[in-house]
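Look through the chain from one end to the other before reading on.

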Amino acid sequence: MVIRKIILWVIWLGFVAYTLCLAPLDQTDTWPLGWKLLTLQWNKLNAFIPVIFSLMGVWPMIYGAMMFADGRMQNFRVWPYFLGSNFTGVICLLPYLIFRKSNQEFYGRIDKWLRFFDQRSTGIVLLIGTIALLVYAFTTGDWQDYVRQFQTKHFVHLISIDFCLMCLIFPITSLFQDDMARRGIKDTRIFWVVALLPLFGPLFYLCLRPPLMETLEESKDTEIKNKLAPSGV
């Protein structure tokens, strides 16, 4: 567990330093490119760029589908890290993964927001959307031009690396393992299949994983008291 946190710290510090060094917001081409992405003027861009930009919105949803159940068992809120990860990727996501404590249980009610992230249909929509984005990129995009922009435009360079880091840290953190244990999945082969299949492994997992079981906190307290009570009482 300590080694994992050290690795995550190194990745976070390295990427933050690299981002500050490149300073994409100081580049004259960043704001026009960002405006075209936000206003959906994708026809004016190489398709690979808006697709990677969009997939950087898919990844926080994948992590969120596990973080919000996990966050019930933590001493701090998930919301700031989830929202921040939609804008800054791993820069805001990694602090949650570093500071969280491993927990493989879930107690409490499943509210509407948690049910949205927990239901398989959410994973299915994300999977279909991801496939559609990738088909769009590979059928209309120019890969050689994307490589050139990756090498010359800091914004494209950083969101591409950010996407790769989202894939990399998924099996490193214990968040995924804890989610499996929380749902009674004990087959380690499932872990390795999901972990070694970037992006699509986690998406298929969200589509197929069993739902959380709702348990009242009072029931947990009663269970603990019964275990501690002397026999015959």
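**From the whole chain to single residues**

The chain contains 13 helices and zero strands. The model is a predicted one. Read from the N terminus on, the elements run α-α-α-α-α-α-α-α-α-α-α-α-α. The C-alpha trace spans about 75 × 35 × 30 Å along its principal axes.

Some totals describe the chain as a whole. Of its 233 residues, 45% are buried. The chain exposes about 13,000 Å², and carbon and sulfur atoms supply 67% of that area. Consider the contacts between residues at least 6 apart in sequence: 81% of them join residues at least 24 apart.

One pair of helices shows how two elements can meet. Two packed helices are described by the angle between their axes and the distance between the axes. Helix α8 covers residues 143–152 and helix α9 covers residues 154–172; their axes come within 6 Å and cross at roughly 100°. An angle from 65 to 115 degrees counts as roughly perpendicular, so α8 is roughly perpendicular to α9. On the α8 side, the contact is made by Tyr146, Gln149, Phe150 and Thr152. On the α9 side, His154, Val156, His157, Ser160 and Ile161 take part. Sorted by type, the residues of this contact are four nonpolar, five polar and no charged.

Next comes helix α10. How many of its eight residues are buried? Six of them are, and α10 is described as mostly covered. The buried residues are Leu175, Phe176, Asp178, Asp179, Met180 and Arg182. The cover over these residues includes α3, α5, α9, α11 and α12. Just after α10, Gly184 takes a positive phi of about 75°.

Helix α12, one of the elements covering the buried residues of α10, spans residues 200–208 and has buried residues of its own: Gly201, Pro202, Leu203, Tyr205, Leu206 and Cys207. These are covered by elements including α3 (48–71), α7 (120–140), α9, α10 and α11 (188–195).

Now return to α10, which spans residues 175–182 and contains Arg182. Is Arg182 buried or exposed? Its relative accessibility is 10%, so Arg182 counts as buried, the cut-off for buried being under 20%. Leaving aside neighbours within four places in sequence, Arg182 is in contact with Met66, Ala69, Asp70, Asn103, Gln104, Glu105, Phe106 and Leu212. With Asn103 there is also a polar approach: a polar atom of the Arg182 side chain lies 2.5 Å from the backbone oxygen of Asn103.

Where does Asn103 lie? Asn103 is in the loop between α5 (90–99) and α6 (112–118). Its relative accessibility is 22%, so Asn103 counts as partly exposed. Not counting residues up to four places away in sequence, Asn103 touches Asp70, Met73, Gln74, Asp178 and Arg182. The side chain of Asn103 also has a polar atom 2.9 Å from the backbone nitrogen of Glu105. Asn103 and Leu175 are 72 residues apart along the chain, yet their C-alpha atoms are separated by 8.5 Å.

How values were computed:
Residues numbered from 1 in each chain as written. Predicted model: local features only at pLDDT ≥ 70, side-chain atom pairs only at ≥ 80, totals over all residues. Heavy atoms only, no water. Axes fitted to C-alpha atoms, helices over the stretch in contact; angles between N-to-C directions. Helix = DSSP H or I, 4+ residues; strand = E, 2+ residues; numbered from the N terminus. Parallel < 35°, antiparallel > 145°, perpendicular 65-115°, else oblique. Contact = heavy atoms within 4.5 Å. Nonpolar A, V, L, I, M, F, W, Y, C, P; charged D, E, K, R; others polar. Buried < 20%, exposed > 50% of the residue type's maximum accessible area, 1.4 Å probe, protein only. Polar contact = N/O pair within 3.5 Å; in protein donor to acceptor, adjacent residues only side chain to side chain. Areas by Shrake-Rupley, 256 points an atom, 1.4 Å probe, with all protein chains shown as cover.
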